[in-house]
Amino acid sequence: MSFRGTPAVELQGISKRFGDYVALAPSDLTVMHGEFLSIIGESGCGKTTLLRLVAGLERPSTGRVVLNGESIEGPADGVGFVFQKPVLLEWRTALQNVLLPAQVIGQSVGPELQHRAQELLDQIGVGEASHKLPRALSGGMQSRVALARALLLVPSLLLLDEPFAALDALTRERMATTLLEQWAANDLTALFVTHDIGEAVFLSDRVILMASHPGRLHQSYTVPLPRPRRPAMRFEAPYIELCRMIRMAMAEVERDHLNVEQQAGKGA
């Protein structure tokens with residue numbers, strides 16, 4: 001697997017504390033331009049904290065975050081963020097929700113930008129619903145609108161925090177295919193947080209397993225599947241074997257965490 005020559009994201013010794021609680025131990029990670037990287041791990045291992053640090057929504061307690069060769073000190077330009085819930089404004093139509101990022105930064109919403117917003121909705125399969133309010137959209141349609149909103153200003157880096165967690169299995173699989181189409185079409189670098197091992201393997205070039213207490217990067221797995229990804233790959237041996245390997249490693253991490261908690265309880 002080859003990516004464009006320079007790093008898109010560099011985490012250099014970053015950590016994050018909230019008071020006495022260590023959410024993320026000192027960590028280093030490099031993500032190359034054009035790479036799709038997924039982060040998995042049990043709840044509380046720091047996945048969302050790491051994503052927020054990359055976005056500049058949290059400041060690291062130590063270390064620094066470098067995007068495209070420059071250290072960031074706050075919310076970064078050129079970054080699209082898709083949250084776990086779509087968070088659409090109920091009084092705005094789907095098209096108006098997609099246009100919101102431009103309006104927030106004071107950019108004029110002229111015909112060209114409106115055309116891009118409609119085009120994004122068309123590409124992800126909800127163009128006919130552009131005039132509808134969120135309450136008239138299914139969960140999957142709302143997730144598609146949220147993805148279009150994140151892509152409006154042509155980010156170079158897309159951050160996704162369990163964006164499909166509330167969807168049923170078949171809708172999740174369709175959204176995964178839509179996401180990969182947009183990732184390829186827009187020449188993006190992507191960081192994707194999920195609890196779903198199969199989803200991570202299907203989407204990614206690389207999967208990072210995190211451990212907890214404190215949160216830390218535990219193991220990296222290169223995904224050997226060719227692109228473009230096909231749904232049928234989920235039934236093929238390389239996909240199944242890598243999912244099995246990661247699941248076993250995750251179970252071992254969770255057992256180690258449980259043993260530590262039990263020992264701490266005995267010593268209390």
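1. Proline 214 sits in the loop that runs between strand 9 (206-211) and strand 10 (216-222), where helices (H or I, at least four residues) and strands (E, at least two) are DSSP runs numbered from the N terminus. The peptide bond that joins histidine 213 to proline 214 is cis, with omega about 0°.

2. The model is a predicted one, in which local features need pLDDT of at least 70 and side-chain atom pairs count only at pLDDT 80 or more, while totals for chains, interfaces and linings use all residues. Residues are numbered from 1 along each chain as its sequence is written, and side-chain values use heavy atoms, with hydrogens and water left out.

3. As background, most residues other than glycine have a negative phi, and most peptide bonds are trans.

4. The chain holds seven helices and ten strands, and its C-alpha trace spans about 65 × 45 × 40 Å along the principal axes.

5. The domain assignment, which is automatic or from a database, gives domain 1 (7-78 + 155-266) and domain 2 (91-153). Their C-alpha centres lie 26 Å apart, and the contact (heavy atoms within 4.5 Å) takes twelve residues from domain 1 and twelve residues from domain 2.

6. Between domain 1 and domain 2 about 960 Å² is buried, with carbon and sulfur atoms giving 66% of that area; buried area here is the accessible area (1.4 Å probe) that two parts lose on being put together, summed over both. On the side of domain 1, Pro155, Met175 and Gln182 lose the most area to domain 2, together 46% of what that side buries.

7. The count of salt bridges between the two domains is zero, a salt bridge being a side-chain nitrogen of Lys or Arg within 4 Å of a carboxyl oxygen of Asp or Glu. Helix 5 (residues 169-185) gives the most to the side of domain 1 that touches domain 2, with six residues.
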